[in-house]
Amino acid sequence: MWGCTWLNGTGRGEEPPICQDLHLGLSVLSLLYLTVGVPVGLGYNALLVLVNLHSKSSMTMPDVYFVNMAIAGLVLSTLAPVHLLSPPNSRWALWNFSSEVHITLLTLFNVSSLVTMYSTALLSLDYYIERALPRTYMASVYNTRHVCGFVWGGALLTSFSSLLIYICSHVSTRITECSKMQDTEAADAIMVFIGYAVPALAVLYALVLISRIRKEDTPLDQDWRLDPSVHRLLVATVYTQFGLWTPYYLTLLGHTVLISRGKPVDAYYMGIVHFAKDLSKFLAFSSSFVMPLLYRYMNKTFPSKLRRLIKKMHCGHRHCSPDQAFVAVWEGAPTGLSY
């Protein structure tokens with residue numbers, strides 16, 4: 001994945017020493033992520049989904065959004081090894097822009113990124129609704145599940161441009177108009193606007209409203225249904241998600257601006273853009289294991305839900321007495337799980 005021959009100014013010839021050191025450091029970091037981050041991301045995201053689906057009756061509105069982010073995290077964790085182990089040469093047949101594999105991976109990555117960003121934005125807005133109008137149940141679990149269904153559908157429709165480009169790559173010899181759709185700059189601009197600008201504005205608006213309502217001492221606050229720790233989890237989620245995804249969308253924007261100028265771009269600057277895009281995508285992939293860990297250690301109800309799931313797995317269809325349930329949880333639990 002990593003290549004920095006652009007540091008010599010021509011993109012050809014031997015790599016300078018600083019490039020070799022940078023390549024070695026990033027390769028070690030990638031290997032560490034593949035051996036630790038990917039298994040942790042797959043395990044904790046799957047555990048987050050299973051635990052909450054097993055305890056549907058006790059799920060809250062934030063849990064529904066985190067389940068959706070965990071599903072998107074599973075997709076990102078699956079895509080990460082393919083991306084990080086690919087050679088830095090984009091001319092490789094597998095990563096050719098018209099390749100079926102490349103288009104499929106790009107579509108899955110875009111869908112996961114959209115689901116992640118919009119789940120974070122909607123979590124912020126629903127949190128404000130829950131704080132301002134706790135008795136209306138507008139942000140109920142039932143409504144949130146339907147909203148998340150629309151999020152996945154909207155993400156698929158937004159990523160349709162990649163599929164359309166793929167179709168045109170096969171019929172461009174017969175339909176000349178399709179040749180105009182081969183450029184990715186339009187698709188990147190759409191992704192920056194829909195996938196980042198819109199949810200960022202929504203989160204900013206929600207945080208401003210939340211900060212205002214937190215300064216007001218109203219009787220409704222005493223009847224608030226959500227645990228106050230949800231606010232800390234929300235703030236940590238917003239800063240983490242946008243901190244890890246913002247570099248990726250900024251590099252997309254920079255690449256789009258450079259190409260849209262209509263002038264030849266120097267290989268040195270284009271190399272910097274491609275390197276920055278790879279590095280920012282690595283940060284985006286890392287969100288797939290950071291978020292479930294954040295949820296695991298900041299959500300107060302997760303440990304109890306996990307204990308119930310382990311107890312059910314240990315007892316199976318047999319009825320467990322309270323003493324047996326205690327032994328099943330604390331003695332039968334796999335080593336390494338802490339509560």
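The legends below describe an overview and several close-up views of a predicted model.

In this predicted model, local features need pLDDT of at least 70 and side-chain atom pairs count only at pLDDT 80 or more, while totals for chains, interfaces and linings use all residues. Residues are numbered from 1 along each chain as its sequence is written, and side-chain values use heavy atoms, with hydrogens and water left out.

**Figure 1. Overview of the helices in the protein chain.** The secondary structure comprises 10 helices and 0 strands. Helices (H or I, at least four residues) and strands (E, at least two) are DSSP runs, numbered from the N terminus. Of the 339 residues, 43% count as buried; buried means under 20% relative accessible area, exposed over 50%, and partly exposed in between, with a 1.4 Å probe and protein chains only. Contact means heavy atoms within 4.5 Å. Among the contacts with a separation of 6 or more, 80% come from residues 24 or more positions apart.

Figure 2. Helix H7 covers residues 229-260, 32 residues in total. From the first C-alpha to the last, H7 reaches 46 Å, close to the 46 Å expected at 1.5 Å a residue. The expected span of a helix is 1.5 Å times one less than its number of residues. A kink of about 35° lies at tryptophan 245, shortly before proline 247. The bend at a residue is the angle between axes fitted to the seven residues ending there and the seven starting there.

Figure 3. Serine 119 belongs to helix H3, residues 100-132. This serine is buried because its relative accessible area is 1%. The side chain of serine 119 reaches the backbone oxygen of valine 115 at 2.7 Å. When neighbours within four places in sequence are left aside, serine 119 is in contact with Tyr65, Asn68 and Met69.

**Figure 4. The salt bridge between lysine 305 and aspartate 63.** A salt bridge is a side-chain nitrogen of Lys or Arg within 4 Å of a carboxyl oxygen of Asp or Glu, and by this rule the count comes to 1. Lysine 305 pairs with aspartate 63, the closest N and O atoms being 2.9 Å apart. The pair links distant parts of the chain, with lysine 305 in helix H9 (residues 302-315) and aspartate 63 in helix H2 (residues 61-84), 242 residues apart. Both lysine 305 and aspartate 63 are buried. Other buried residues of H9 include Phe302, Pro303, Leu306 and Leu309.

Figure 5. The structure holds 12 aromatic pairs. Rings of Phe, Tyr and Trp (its six-membered ring) pair if their centres lie within 6.5 Å; planes under 30 degrees apart count as stacked, over 60 as edge-to-face and the rest as tilted. Phenylalanine 66 and tyrosine 295 form a tilted pair, 4.9 Å centre to centre with 40° between the planes. Because phenylalanine 66 lies in helix H2 and tyrosine 295 in helix H8 (residues 267-298), the pair ties together parts 229 residues apart in sequence. The pair of phenylalanine 109 and tyrosine 248 is edge-to-face, because the ring centres are 5.3 Å apart and the planes stand at 75°. Phenylalanine 109 lies in helix H3 and tyrosine 248 in helix H7, so this pair ties together parts 139 residues apart in sequence.

Conventions. Polar contact = N/O pair within 3.5 Å; in protein donor to acceptor, adjacent residues only side chain to side chain.
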